[in-house]
Amino acid sequence: DHLGMQLNGIVFISAVLDFQTLIADGTAADLPYALSLPTFAATAWYHHKLPDDLQTDLRKTVNEVQDWALNDYLHALAKGSSLEPAARKQAIARIARYTGLREGFVEKSNLRISPTAFRKELLNDQHKILGRFDTRILGDDPHPAGDSPEFDPSFSPFFAEYSAIFNDYARRVLQYSSDLNYEVLSGKVHPWSLGSGGGGAGYLDVASALESTMHANPHLKVMFASGYFDLATPFLGTDFTIDHMSLSAGLRANITRTFYEGGHMLYHSEAMLKKLKSDAAAFIRQAEHQ
């Protein structure tokens with residue numbers, strides 16, 4: 001709209017297009033709990049907390065959990081307090097099976113496990129907390145009897161790395177120097193401009209903008225890359241958003257989904273960096289021929 005250019009393709013990494021798919025404190029929405037469950041299962045798989053039959057194949061396990069989460073689990077959550085005791089007991093057992101959590105904890109949580117609670121509880125007996133950006137990364141829990149993790153062990157080790165690498169690049173490669181601090185993550189960007197539907201007016205949702213763009217430019221290719229161990233933007237939330245975009249079969253065929261054994265920064269390991277590079281290169285070659 002601004003430059004008169006039509007893009008061949010867009011690559012989204014660890015994306016959230018609809019904030020309604022994320023768990024927000026103080027809301028009564030049940031959907032995000034179901035969308036987070038496969039990430040919990042993938043994390044429990046990584047830490048060997050699942051039953052033996054679920055430990056053999058990550059993708060197979062994730063597919064099973066997704067199917068249950070979007071069907072039986074959502075139905076159970078929607079019933080609220082009217083859920084029959086027998087059905088409630090079955091749901092508690094299944095959630096515990098898929099998450100590695102104790103049934104008593106699931107029951108106490110009213111079948112609704114937040115990412116914060118999961119990060120605190122899964123390895124609580126070892127006095128360990130999980131990372132939010134990457135649930136494979138652990139940290140010592142200084143207060144294991146507390147309600148929530150006090151820090152994110154998957155952020156702390158990389159904060160200095162990002163700062164050092166960028167400062168080296170800016171000064172040595174770009175020959176740019178400044179006395180200003182480089183802000184890796186900063187609250188100075190707040191308050192965010194959430195646009196139409198954002199802020200107090202409701203949830204931020206830009207999926208409709210992407211949908212409109214794909215209608216206006218039917219040759220546009222879109223790739224979504226997601227990490228199995230990302231609790232910042234759970235991968236099923238992305239899938240759910242894509243599945244609810246109003247697109248024809250032809251336009252939907254322009255969407256590519258790729259998954260990685262990584263976290264929010266899914267390219268941190270060399271193996272996943274190479275896979276992302278290969279997947280993105282193949283996607284770009286395909287898009288540039290349109």
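Visitor: Which residues touch the most other members in the largest nonpolar core?

Guide: First, some ground rules. This is a predicted model, in which local features need pLDDT of at least 70 and side-chain atom pairs count only at pLDDT 80 or more, while totals for chains, interfaces and linings use all residues. Residues are numbered from 1 along each chain as its sequence is written, and side-chain values use heavy atoms, leaving out hydrogens and water.

Guide: A nonpolar core is a set of buried Ala, Val, Leu, Ile, Met, Phe, Trp, Tyr and Cys residues joined through side-chain atoms within 4.5 Å. Buried means under 20% relative accessible area, exposed over 50%, and partly exposed in between, with a 1.4 Å probe and protein chains only. Here the largest core has 43 residues, and Leu37, Tyr73, Ile95, Ile113, Phe118 and Tyr228 touch the most other members. Helices (H or I, at least four residues) and strands (E, at least two) are DSSP runs, numbered from the N terminus. Among the elements that give two or more residues to this core are helix H1 (31–46), helix H2 (58–79) and helix H8 (235–243). H1 gives the most, with 10 residues.

Visitor: What is Phe118 in contact with, leaving aside its neighbours within four places in sequence?

Guide: Contact means heavy atoms within 4.5 Å. On that basis, Phe118 meets Phe40, Thr43, Thr99, Leu101, Ile113, Leu130 and Leu231. There is also a second, separate core of 13 residues, which includes Leu17, Leu210, Met214 and Phe224.

Visitor: Now the sheet. What is the order of its strands?

Guide: Strands of a sheet pair through backbone hydrogen bonds, either parallel or antiparallel. Two strands count as paired if DSSP finds at least two bridges between them. This open sheet of 3 strands has the order E1-E4-E5, with parallel pairing. Strand E1 (9–13) and strand E5 (255–260) are the edges, each pairing on one side only. E1 is joined to strand E4 (residues 221–227) by 5 bridges, and E4 pairs with E5 over 6 bridges. Take Phe224 as a landmark: Phe12 stands opposite Phe224, and in E5 its bridge partner is Arg257.

Visitor: Why is E4 described as largely enclosed?

Guide: 7 of the 7 residues of E4 are buried, so the rest of the structure largely encloses this strand. In a regular strand the side chains alternate between the two faces of the sheet. In E4, Lys221, Met223, Ala225 and Gly227 point one way, and Val222, Phe224 and Ser226 point the other way.

Visitor: Which helix packs on the sheet, touching E1, E4 and E5?

Guide: Angles run from 0 to 180 degrees between N-to-C directions, with axes fitted to C-alpha atoms, for helices over the stretch in contact. Helix H7 (residues 207–216) packs there, and its direction makes about 145 degrees with that of E4. Helix H10 (residues 270–287) also lies across E1, E4 and E5, running at about 170 degrees to E4.

Visitor: Is H8 mostly buried or exposed?

Guide: 8 of the 9 residues of H8 are buried, so this helix is largely enclosed by the rest of the structure. Among the elements covering its buried residues are H1, H2, H7, E4 and E5.
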